[in-house]
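Reader: I have a structure open and want to read it feature by feature. Where do we start?

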Amino acid sequence: MSQVGAPRGRTCSRTIRSVALLTTGVLALPALASCSSGDERSEVPAAAQDVAPAARDRIADGGTLRWAVDTVPTTLNAFQADADATTSRVAGAVLPSLFTLDKTGRPQRNPDYLESAKIVEREPKQVVLYKLNQQAVWSDGRELGAPDFVAQWRALSGKDSAYWTARNAGYERIQKIERGANDLEVRVTFNKPYADWRGLFSPLYPKDVMGAPNSFNDGARTKLKATAGPFQLKELDREDREVTLVRNPRWWGARPKLDSIVLSAVPRDKRAAALADGTLDLAEIDSPVAQRIKQAAKGEKGGGAGPQSGTGPQSATPSPSQSAANDSDDEKAAEKATEAAQASRKRANEAIAKYTKEQKGLRAYVVRKSLEPAFTQLALNGETGPLADERVRRAVARALDRQKLAEAVLKPLGLPANPPGSHLALAGQHAYADSSDALGEQDTQEAQGLLADAGWMPGGALKKEDGTKAGSEADADKKKDKNEGEDGEKDKEKTKDEAEGTTNEDTESGAPESGSGPESDSASDSPSESPSDGASDSASESGSESESDSASDDGAYIVGDNKSGRGAPVSATGTRVIAPAFGTAFQRAVLTRQTDADVNAQDRQPGGGGMAGAYAPSGTAAPSPSPSSSSTPASASASASASASASSSVSASASAKSSASALPGSLAKDGKPLTLRFVLPSGSGSEQLRTVGEKIARMLDRIGIRTEITKVADANYFKDHIASGDYDLALYSWPATAYPATDGRPIYAKPVPASDGTLLVEQNYTRVGTDHINQLFDQAASELDEKAAGDLLRQADARIWAAAGSIPLYQRPQLVAAKPSVANAGAFAFASPRYEDIGFKDTAKSGPEKTEQTEETGQPESTRSEATDPEATNSEATDPEATDSESAQPEAEQSDAAGSESGEE
């Protein structure tokens with residue numbers, strides 16, 4: 001694991017889970033229940049998967065699918081700290097997964113490997129009996145069996161430090177593994193109950209990898225000697241940045257339709273060009289590229305936004321009068337100016353030609369869209385400073401309009417914009433229940449009351465701060481220098497604002513440049529990218545749009561995912577939305593009555609003297625630059641250059657709104673102003689994060705909280721700021737999970753002091769938690785009754801809302817560019833891909849397919865129009881039911897025995 005620079009704490013490696021899910025053990029006690037909405041559940045995903053489903057007999061045999069990924073994997077061992085999203089994709093195609101996820105994110109027994117799997121004993125110990133498919137063999141001919149289970153358990157149990165493991169949650173609960181009645185039966189006995197046992201042994205590695213520390217640590221980083229999936233690894237080529245998978249000749253299941261899959265590492269900002277060149281068949285993309293594909297399908301060339309050659313200021317030449325006025329010494333300067341104008345015009349013409357050529361190539365693709373199983377959150381660092389006070393955190397949350405923030409991101413894409421009501425599941429998952437009432441709805445007056453209760457009052461004697469808050473010494477110096485120069489300008493700016501008239505939150509706009517203040521609040525439903533004068537060639541490779549409500553790129557960082565441009569972190573990158581806090585006297589009285597019996601002094605945050613910091617979780621590289629938001633290649637190039645520069649700090653405090661509930665000015669306490677340091681990435685692939693961040697800053701300004709936005713290089717965003725605790729407010733994403741009791745604990749558990757004096761934060765980068773939340777997670781992980789476990793998790797989620805350290809804002813969009821002939825692949829949403837069913841449609845069998853009636857609507861399921869429009873009308877976008885019915889997609893055809901069992905007990 002890579003250590004955070006100058007860390008002030010550490011994480012516990014035993015609970016870090018790579019790529020999509022973060023693991024940990026959990027347990028729970030009856031405590032705070034959701035106030036009124038705990039029973040609000042939904043078994044229907046907010047947006048269905050969009051994969052162009054087709055029956056296997058409609059898919060041609062053969063062919064190679066060229067699939068874009070963000071990286072060539074550093075390791076092929078999914079249990080190591082540097083495993084990433086590509087590691088998981090390879091593992092899913094070549095290794096056994098005993099349980100896979102259905103379209104609601106629920107684990108289902110995989111009949112290719114298991115005939116059955118169930119709990120056969122509960123007392124005195126929990127015993128799970130696995131009956132393996134007798135045809136299941138490794139590629140070297142050896143049968144899958146108990147020795148493979150034993151080797152993986154011993155490697156991941158945490159008892160042998162020679163194994164460099166990144167996670168072991170659940171495996172440490174196993175007491176023994178033994179052969180059953182025959183070689184096809186495996187009995188696993190637990191030393192204490194474990195509800196999430198279905199998450200174990202997926203993927204399952206052969207004993208040759210797991211059997212010894214050396215083979216575990218190094219033997220599976222670049223090769224896999226034995227596999228047992230529909231495909232097998234042929235080559236990992238780091239020079240060409242490709243991973244090649246081919247059919248497994250020993251595969252016993254449905255024969256893969258494809259001959260091979262080539263996973264090509266293509267940076268996000270290069271994908272538009274790669275698609276236009278026809279070198280990819282399938283690629284996850286950002287919204288600007290999706291917009292370009294939409295425009296290309298309509299025969300547009302930039303939506304009319306691009307300048308024509310020979311126009312604009314760059315085509316201007318000195319006028320005759322100017323030339324005449326110049327003396328002989330100025331003639332050379334005039335000639336150089338003319339030459340520069342001609343060169344600029346030439347570059348613009350070349351950029352236009354390149355853009356036009358790329359648009360022609362993009363006509364060969366469609367966009368498949370859904371909601372990604374991940375949500376963006378606003379993180380509030382509760383370790384020190386004003387946010388260590390729970391009342392201030394709740395005030396921040398109650399000032400925010402989560403619905404508006406979600407709509408800003410998802411509405412322009414025609415996707416449902418419903419803010420998540422849970423930290424532990426998303427709409428459509430069985431475990432989902434809206435517990436946000438534990439925090440409360442948006443209420444400006446209540447937010448102001450919470451701040452007043454915490455001692456923050458408007459006006460007052462302000463004085464300059466002597467030290468830093470959450471940022472560095474340099475940040476404090478910048479603020480000091482700025483304050484010295486701004487006092488004399490206040491009255492002038494105030495007069496100017498009054499003369500010009502202040503705008504409301506919906507119409508306010510600002511300069512889009514880094515460090516210039518808030519960006520436009522109005523939604524731009526038609527972002528476009530087109531070349532313009534002075535453009536550089538590189539920028540035309542990616543789509544872009546103005547930084548507005550419909551920000552061009554999801555840019556969010558998904559912890560554990562190293563997608564560039566998203567974050568991974570990340571991808572690799574998205575934004576987060578804030579949820580309300582509860583703060584009225586009545587609400588607090590109700591909450592007090594509910595929790596007095598359960599909450600004690602141990603529920604409180606550790607003292608401010610605790611050390612903060614963490615190792616970055618596996619796969620959490622910050623995103624690499626992705627499509628610029630500039631409308632010109634020239635400005636895109638400038639933006640990319642700017643993103644590489646040092647962090648820049650700007651005041652994001654907006655003018656006070658003309659509202660009865662707005663405070664007259666900033667708040668102060670003990671002579672110090674209430675200012676929060678909001679850290680955001682500065683790269684060209686993070687426009688959406690910055691847009692949402694600036695909207696949040698304006699919302700906070702209405703209750704008197706100033707936000708100082710600090711824009712930092714993408715490469716440093718997570719490691720140097722989020723993981724190390726160097727922020728007050730930040731935006732990043734967490735993936736959804738089928739096992740919230742296990743995977744939620746390290747994210748929301750209360751940090752505890754380690755033996756060396758540091759703070760063990762695991763993945764709880766907000767440093768906010770209580771002992772009771774820990775108890776609830778632990779109890780839920782040991783509760784074998786599904787309903788009882790769900791109740792415990794809802795209680796834990798309600799307490800997480802009430803603590804106001806993490807505020808879910810919206811589910812992230814999932815946009816995938818695909819050749820129309822590609823079937824059973826695209827925006828998978830919750831479901832696991834079935835690699836053997838992916839392929840190209842058979843043109844000889846292009847007739848209509850037999851449709852089936854869906855259970856929910858009684859309407860026939862059929863493939864949605866391939867000309868997927870990434871930008872729907874407002875009426876369509878705001879009607880989740882209409883969106884769902886239009887986008888409902890049947891899953892790829894599976895074995896008849898699949899999907900019907902959810903792990904029998």
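Author: With the element names. Helices (at least four residues) and strands (at least two) are DSSP runs, numbered from the N terminus. Keep in mind that this is a predicted model.

Reader: Then which loop holds Ala136?

Author: Ala136 lies in the loop between strand S6 (127-132) and helix H2 (146-156).

Reader: Is Ala136 buried or exposed?

Author: Buried means under 20% relative accessible area. Ala136 has 2%, so it counts as buried.

Reader: What does Ala136 touch, leaving out residues up to four places away in sequence?

Author: Asp112, Glu143, Leu144 and Trp252. Look also at Gly229, which is 93 residues from Ala136 along the chain. Their C-alpha atoms are separated by 9.3 Å.

Reader: Move on to H2. How many of its residues are buried?

Author: 9 of 11, so H2 is mostly covered by the same cut-off of under 20%. Among the buried ones are Phe149, Trp153 and Leu156. The buried residues pack against S6, strand S7 (174-179), strand S8 (185-190), helix H3 (207-210) and helix H4 (213-219). Just after H2, Gly158 has a positive phi of about 85°.

Reader: Now strands. In which sense do S9 and S10 pair?

Author: Strand S9 (residues 231-237) and strand S10 (residues 242-247) are antiparallel, with 6 bridges.

Reader: How do I describe two packed helices?

Author: Use the angle between their axes and the distance between the axes. Here, helix H9 (residues 390-398) packs on helix H11 (residues 444-453) at about 165°, with the axes 8 Å apart. An angle over 145 degrees counts as roughly antiparallel. H9 and H11 are therefore roughly antiparallel. H9 passes H11 in a left-handed crossing.

Reader: Which residues meet there?

Author: H9 brings Arg391, Val392, Arg394, Ala395 and Arg398. H11 brings Thr444, Glu446, Ala447, Leu450, Leu451 and Asp453. By class, the contact has 5 nonpolar, 1 polar and 5 charged residues.

Reader: One more helix. Why is H10 described as largely enclosed?

Author: Because 7 of the 9 residues of H10 (residues 402-410) are buried. They include Arg402 and Lys404, along with Leu405 and Val409. The buried residues pack against strand S13 (366-380), helix H15 (687-701), helix H20 (786-803) and strand S25 (806-818).

Technical notes. Residues are numbered from 1 along each chain as its sequence is written. This is a predicted model: local features need pLDDT of at least 70, side-chain atom pairs count only at pLDDT 80 or more; totals for chains, interfaces and linings use all residues. Side-chain values use heavy atoms; hydrogens and water are left out. Axes are lines fitted to C-alpha atoms, for helices over the stretch in contact, and angles run from 0 to 180 degrees between N-to-C directions. Angles under 35 degrees count as roughly parallel, over 145 as roughly antiparallel, 65 to 115 as roughly perpendicular and the rest as oblique. A crossing is left-handed if the near helix is turned anticlockwise from the far one by less than a right angle, and right-handed if clockwise. Contact means heavy atoms within 4.5 Å. Ala, Val, Leu, Ile, Met, Phe, Trp, Tyr, Cys and Pro count as nonpolar, Asp, Glu, Lys and Arg as charged, and the others, Gly among them, as polar. Two strands pair if DSSP finds at least two bridges between them. Buried means under 20% relative accessible area, exposed over 50%, partly exposed in between (1.4 Å probe, protein chains only).
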